[in-house]
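I opened this notebook to record what I looked up about the disulfides. The structure is shown first, and my entries follow.

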Amino acid sequence: PPVSGRVQIVPAQVNFPTTGVGTASSPVMLTIINSNDGEELTELNLSVSSGFTLVNNTCGPSLPLSATCTTGVMFTPPSVGSQNGTFTVSSSALASSVTAHLSGIGSDFHVTSSGASTVTVSSGQTASYTLGIVPSTGSPGGTFAFQCGKLPSYAACTFNPSTENVGAGATGTEALEISTGQSASAHVVPPSSAGGRALTLGFAVLILPLVWRRRKLRFPIAVLAFLMLGFSGCSSSGGGTGGAPPSSPTTHTTPAGTYSVPVTVTSNGVQHVVTLTLVVD
């Protein structure tokens, strides 16, 4: 006949972290230990309550004496608020099932445009928006992160603050700015003739002492050095027409039009999107 035996589940209680509705927590591994006084656990069955999911199960249909097996459990809250459940081990060799206690809190939130969701600016100017973040009733709140989706050409978005903590029952306010212009400078340095002048002068200075000892070459070399020095001086006193002048900085602005900008807000694995409208004239 079935006996109560000594079958253990370790740990016997699991408290999962706050998890977003419709998402899953990281798995927690549970170990089933059979020390059932010589009884093999046959027709072994593992189950969990609604809101929890079994994963990575290594347990087979039976568990011999003094053997162990493991399985993972994830918290998958279907709704907001505190949730309790059980992990249950049953077997034809047991007089009653063995359970471990499971608990967790499901969270969700709402995000809206607090104020105008459509803003009109001139090209090159900055549009300002405000978002309102409200944790759902029963949710403990959390840390919220923000990200803009596709933006029009030459536009950029900035959040202040970059992340925000909002507690249960509170309302968070997030400032968002979308700029519609950015500057880019392209500076081109023209080729300089200074290096050529220095080379010419240096050559003349080096060669004069070497050939001065030869009297027959003094006059021709002196004339050549004079011409080289004169060329160098003329080049240095020229009007600076060599090379192209540096280009002027250029400013790019967002073209006129009406644009939809999706903004994603994330907390505890849950994402919600609010769509803002940017009008550039």
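Entry one. I looked up the disulfides and found that the structure holds two; a disulfide here is a pair of cysteine sulfur atoms within 2.5 Å. I noted that this is a predicted model, in which local features need pLDDT of at least 70 and side-chain atom pairs count only at pLDDT 80 or more, while totals for chains, interfaces and linings use all residues. Residues are numbered from 1 along each chain as its sequence is written, and side-chain values use heavy atoms, with hydrogens and water left out.

Entry two. I found cysteine 59 joined to cysteine 69, with an S to S distance of 1.9 Å. The torsion about this S-S bond of cysteine 59 and cysteine 69 is about 95 degrees, so the disulfide is right-handed. The pair links distant parts of the chain, 10 residues apart: cysteine 59 lies in the loop between strand E6 (52-55) and strand E7 (68-75), and cysteine 69 lies in strand E7. Strands (E, at least two residues) are DSSP runs, numbered from the N terminus.

I looked up accessibility, where buried means under 20% relative accessible area, exposed over 50%, and partly exposed in between (1.4 Å probe, protein chains only). Cysteine 59 counts as buried because its relative accessibility is 13%, and cysteine 69, at 6%, counts as buried too.

I turned to cysteine 148 and cysteine 157, which form a disulfide with sulfur atoms 2.5 Å apart. The torsion about their S-S bond is about 140 degrees, so this disulfide is right-handed. Cysteine 148 has 13% relative accessibility and therefore counts as buried, whereas cysteine 157, at 23%, counts as partly exposed.

With bonded cysteines counted along the chain, I recorded the disulfide pattern as 1-2, 3-4.

Methods:
Helix = DSSP H or I, 4+ residues; strand = E, 2+ residues; numbered from the N terminus.
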